[in-house]
Amino acid sequence: MPRPTAAQLAYGSCTVIFSTLAMLLLSQTSSGLGITVIALAALALGLLVAMTVPLPKARAALAPAESTEPAPQEEPVSL
């Protein structure tokens, strides 16, 4: 399994924090079970968001293929 990128970590973390705050404020729960359910739902949502962030394409596939022949040398012009 590849390591998560910085974008995946950032999006997932922000999703967990903001969704937890939003659900706690909207539900107005004060029970331990309610808070646990909200926290688990926020973690699942953060994981879903982090895994759906598009991965960067490999640079080797985007770079043009280099030829093995040396570049032709220009001859100096004499006047």
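Predicted model: local features only at pLDDT ≥ 70, side-chain atom pairs only at ≥ 80, totals over all residues.

Residues are numbered from 1 along each chain as its sequence is written, and side-chain values use heavy atoms, with hydrogens and water left out.

The chain as a whole comes next. The chain contains three helices and zero strands, which gives the pattern α-α-α when read along the sequence; helices (H or I, at least four residues) and strands (E, at least two) are DSSP runs, numbered from the N terminus. Of its 79 residues, 14% count as buried, where buried means under 20% relative accessible area, exposed means over 50%, and partly exposed lies in between, with a 1.4 Å probe and protein chains only. The accessible surface of the chain comes to about 7100 Å², and 68% of that area belongs to carbon and sulfur atoms; such areas come from the Shrake-Rupley method with a 1.4 Å probe, and for residues only the protein chains shown count as cover.

Helix H1 has 22 residues and reaches 31 Å from its first C-alpha to its last, close to the 32 Å expected at 1.5 Å a residue, the expected span being 1.5 Å times one less than the number of residues. The buried residues in H1 are Gln8, Gly12, Thr15, Ser19 and Thr20. They cover an arc of only 120 degrees around the axis, which puts them on the same side of H1; the arc is that of the directions from the helix axis to the C-beta atoms. On the other side of H1, Ala6, Phe18 and Leu25 are exposed.

Leaving aside neighbours within four places in sequence, Gln8 is in contact with Arg3, Ala50, Val53 and Leu55, contact meaning heavy atoms within 4.5 Å. Ser19, at 12% relative accessibility, counts as buried too, and with the neighbours within four places in sequence again left aside, Ser19 is in contact with Ala42 and Leu45. The C-alpha atoms of Ser19 and Ala42 are separated by 5.8 Å, although these residues are 23 residues apart along the chain.

After H1 comes Gln28, in the loop between helix H1 (6-27) and helix H2 (32-52). Phi of Gln28 is near 55 degrees, a positive value in a residue other than glycine, and at 68% relative accessibility Gln28 counts as exposed.

Helix H2 has 21 residues and reaches 30 Å from its first C-alpha to its last, close to the 30 Å expected at 1.5 Å a residue. Gly34, Ile38, Ala42, Gly46 and Ala50 are buried in H2. Seen down the axis of H2, these buried residues fall within an arc of 135 degrees, so they line one face of the helix. They pack against H1, and what covers the buried residues of H1 in turn includes H2. The face of H2 turned away from its buried side carries exposed residues, among them Leu33, Val37, Leu40 and Met51.

An annotation can be set beside this geometry. In an unreviewed entry, UniProt lists residues 6-26 and 33-53 for "transmembrane region"; UniProt positions are given in the numbering used here, feature names are shortened, and annotations may be inferred rather than shown by experiment. In the model, residues 6-26 are 100% helix and 0% strand, with end C-alpha atoms 30 Å apart, whereas residues 33-53 are 95% helix and 0% strand, with end C-alpha atoms 31 Å apart.
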